[in-house]
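User: Here is a two-chain model. Let's go through its contacts and pairings, one question at a time.

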Amino acid sequence: MQELVKIAENVISEARRGGADEVDVLVNNFTNTRLKIRLGKVEELRQSNPKALGIRVFKNKRKALTYTSDLRPESISKMVQKALEIVRVSSTDEYNGLPEKHLFGKVQADLKLYDPEIAQIPTESKIKMATELEDLGLKQNPLITNSGGSFWNDSYGQSILVNSQGFSGAQEFSSCSLSLQLVAEKDGVKQTDYWWSGQRAFNRLDSIESIAKTAAARTIRKIGARKPTTQSVPVVYDPQTGADLLAILASVVLGSAIYRKNSFLVDKLNQPIAIEELNIIDDATLPGGIDSRYFDDEGLPARRNIVIENGVLKTYLCDCYSARKLQCTPTGSARRGTSTDPSPSTSNFFLPAGKYSPEEIIGSISNGLYLTDLNWVGINYVTGDYSRGAEGIWIENGKLAYPVQEFTVAGNVLEMLKSISMIGNDLEFRGSINSPTFKIDRMMVSGQ
Amino acid sequence: MKRREFIKKSGVIAAGIVTAPAWFDMTGFSKTVSETQDLENLFNISAVEAEKLLRLALSRGAQSADLFFEYRPNSSLRIEDGIIKDIQYGISLGMGVRAVKGDQIGYAYTDAIDFQSMKRAAETAANIANSTESFKPAHFQKVAAKNLYPVKTYSIDMDLNPKITMLNEADATARQFNARVSSVIASFSEELRQIMYFDSDGKKFQDIQPLMSLRVQVIAEDGVRRQGASASRSARAGLEFFEKPENSPSAVARQAAATAIINLDAKPAPAGPQVVILGAGESGVLIHEAVGHGLEADYSYKNLSNYSGKVGQKVAAENCTIIDSGLFPGKRGALNVDDEGNLPTTTVLIENGILKGYMHNSISARMMKSNPTGNGRRQSYAYPPLARMTTTYLQKGNYEPEEIISSVKKGVYAKGFSGGQVDTIKGDFTFGVTEAYLIEDGKLTAPLKDVTLIGNGPDTMNKILMVGNDLKISDGTWSCGKDGQNIPVSVGNPTVKISEITVGGS
């Protein structure tokens with residue numbers, strides 16, 4: 001790691017000597033394994049140790065970015081020169097530049113983002129876990145006829161950020177995951193679903209048995225799916241589809257989307273945009289959080305931001321550029337890869353748990369839809385218009401009655417946020433965006 | 001980098017297509033490449049060393065192995081608020097080693113192309129097999145390929161000014177188009193993918209694949225309403241591609257601005273099953289999703305496609321002949337040679353409604369005792385090749401487009417598309433429409449809001465009533481995602497009438 005910090009420091013000196021006003025360097029160095037088992041055989045074992053370096057150069061309020069995966073000194077040196085060359089043709093922008101010095105910092109607490117055990121797991125053990133997972137999944141029900149594969153993924157390594165304003169930081173991350181996709185068949189119709197568990201630490205993964213059982217149950221419950229009739233009904237979002245709705249908010253609450261007007265939240269700051277019971281939090285300091293970090297990709301300390309409080313939009317999430325442009329405070333939300341400029345992004349983004357059990361929420365509906373899957377197309381971020389391909393289970397008399405497929409749900413996100421009526425108590429932190437079950441009073445289901 | 005990968009759903013189940021943001025990696029350096037230049041020097045690899053590495057990859061009983069080298073400069077520029085805001089330039093360089101036994105793959109890659117690092121990758125990949133027998137690589141013979149994307153001068157390392165001029169032209173045209181245009185972002189990107197390949201069957205090839213893209217995004221507002229739209233062009237070509245009137249920065253800007261202005265007045269689309277006419281070109285997304293992914297042979301031989309085992313059966317209306325071809329010169333989907341040394345072909349997937357065949361990579365061809373079709377593609381040296389599409393389209397029919405529209409009393413005309421998604425196992429697909437109009441009494445009337453169409457592959461393909469004589473291959477920035485790998489593709493379609501498809505209106 002010290003070697004990579006040294007490389008970054010050399011880049012900064014060289015760029016400064018070449019006339020740059022400000023420079024920052026991001027170096028990523030990760031070790032990844034991806035393993036796929038299918039029908040008991042290793043179908044793919046992929047291993048790698050990608051390294052890459054990105055250089056940002058500012059001169060007279062102009063900016064350029066260069067990057068390379070080739071870390072030989074002469075190649076890096078060429079990239080420094082290239083940055084100094086192309087920065088001259090970019091435009092002056094008063095909002096360009098590194099963060100002001102007083103903004104730099106790091107979270108001091110141990111956020112438990114790196115588990116040294118992951119690097120020690122032998123390949124044979126990974127093969128054994130994924131094989132067992134698939135085997136257990138296939139045995140759950142005689143209608144399960146095929147496997148789309150059982151996957152083990154892990155990644156660990158460092159991300160290093162050094163800049164010419166004196167910030168220097170290194171953070172270590174690890175993650176691992178197990179997932180399984182199953183196929184069931186009845187009366188010539190095939191159905192598929194999957195389940196997974198992913199964590200920063202190996203010992204926090206769900207048990208192989210519980211992943212296998214959930215994957216099987218989610219696949220089996222789709223058998224016999226019908227196409228629903230076109231009608232307007234109450235819709236219950238399960239935690240996965242709930243997270244999908246939050247992901248839309250996560251895209252439009254960003255300062256970059258706001259100044260580009262590519263968001264239905266433009267001009268909505270400090271206004272009520274949702275029911276009073278709704279809060280949304282973005283917390284980059286959550287211990288063990290999949291998207292937690294010690295500092296953001298501009299060197300600002302990670303923090304917890306309350307985005308929506310009692311239904312009121314409290315803040316946009318900003319990197320330094322969008323904050324200057326919108327005349328607000330950066331929220332420690334800058335993210336980038338080595339080949340991209342920083343831009344704001346959410347971290348662990350979630351809707352806190354409410355008081356209703358999922359059964360109570362489903363039980364409140366005599367005729368409606370329990371939503372389990374959404375396809376990704378069909379969102380207009382400028383207007384909030386929403387029309388999505390979906391799958392789910394029809395609710396009759398307060399009970400899950402039969403599976404439904406090949407239909408869409410439609411509405412407008414701003415209207416949907418104001419017609420959420422029951423928030424579930426079943427929040428779990430499974431991914432970077434998490435939601436409990438909730439109900440939306442009325443949406444258009446388009447089917448037969 | 002990889003930290004987020006496991007939260008994604010798409011790699012596991014869905015295969016989809018999106019219009020990519022105009023962002024690519026580009027390169028440059030002072031090294032100027034030419035088509036005749038030998039890339040062995042670029043990668044510092046000799047035939048002797050390649051053979052050594054392949055021997056290592058085969059040393060534990062793998063039946064075949066390959067080495068894939070890639071040097072890929074990328075350059076991109078973006079104008080926003082009327083100023084050149086982002087300029088980026090970068091290089092991705094590396095090599096991947098694959099060892100194959102049956103349909104089992106060991107894969108390792110390295111960004112460092114010194115012999116020690118490559119040796120380590122070869123040894124890691126070899127571990128997919130575990131026996132004492134070892135095959136020997138054959139002598140290398142160069143694969144002879146035509147050049148489908150000849151370019152006079154590669155522009156990637158040239159002066160940025162002509163590209164800045166293009167962006168300024170796009171920005172100015174969009175702003176002048178209408179006073180209600182309030183925001184314009186235009187971006188240009190290009191890459192030059194230089195690849196070299198050796199395998200244990202003795203195949204060796206190199207290719208230089210240019211790719212450039214221009215994209216314009218426009219926001220329009222009238223004080224009450226706000227709408228956005230985008231338009232793009234992309235090709236494996238030189239800058240002269242943008243000199244054609246229909247691809248000029250002004251044309252792209254006008255298209256984006258016009259759509260945003262029209263959509264300010266958009267009405268909610270009807271809900272439920274409707275007669276739908278798909279306009280020529282971008283609606284090839286339907287063919288890509290409803291048919292294409294399911295006919296990628298790696299899904300088929302694993303019985304993970306609703307088209308598995310259906311060769312010879314009727315899976316579409318009789319007026320449907322569907323083709324995948326890597327041979328369209330200069331298209332995003334064009335390939336001189338695929339990423340495992342097979343020459344691209346024109347593959348008839350469906351002929352007059354009958355399923356004829358699949359798109360293969362080497363492994364699927366071997367597993368199905370068929371011939372490779374030149375569809376083995378990978379995102380980069382970091383990934384093993386999969387069976388992928390190139391340019392996929394429905395062959396033209398006999399009807400004039402006007403004739404098709406005038407045949408509909410009430411329905412939806414869908415013209416612009418954002419992308420789609422399919423579950424290849426059951427065959428349900430969706431695609432997103434970004435520009436649509438109501439059809440009333442055979443005429444296009446009110447513009448409709450963004451809407452999703454949903455259907456099932458063979459079911460919808462059997463409901464195609466009329467096929468137009470106006471086949472168009474879209475030059476949009478289509479990028480296809482499968483198993484975590486994104487690659488450039490082209491889609492095409494003539495005007496098509498579907499008797500019934502579910503429209504996700506509100």
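User: How many residues does the contact take from chain B and from chain A?
Analyst: This is a predicted model, where local features need pLDDT of at least 70, side-chain atom pairs count only at pLDDT 80 or more, and totals for chains, interfaces and linings use all residues. Residues are numbered from 1 along each chain as its sequence is written, with chains lettered from A and ligands numbered from 1 in the order in which they are written. Two residues are in contact if their C-beta atoms, placed from the backbone, lie within 7 Å. The contact takes 75 residues from chain B and 75 residues from chain A.

User: Which strand gives the most to the side of chain B that touches chain A?
Analyst: Strands are DSSP runs (E, at least two residues), numbered from the N terminus. The top contributor spans residues 83-101 and gives 12 residues. That is strand 3 of chain B.

User: In what sense do strand 4 of chain A and strand 3 of chain B pair?
Analyst: Pairing requires at least two bridges found by DSSP. Strand 4 (residues 62-68) of chain A and strand 3 of chain B have four bridges. Thr66(A) stands opposite Tyr89(B). The sense is parallel.

User: Which strands stand at the edges of the open sheet of five strands in chain A?
Analyst: The order is 11-10-9-14-19, with mixed pairing. Each edge strand has a single partner strand, so one side of each is left without a neighbour in the sheet. The edges are strand 11 (312-313) and strand 19 (433-434).

User: How do strand 9 and strand 10 of chain A run, parallel or antiparallel?
Analyst: Four bridges join strand 9 (residues 280-283) to strand 10 (residues 304-309). Asp282(A) stands opposite Asn305(A) in strand 10 of chain A. The two strands run antiparallel.
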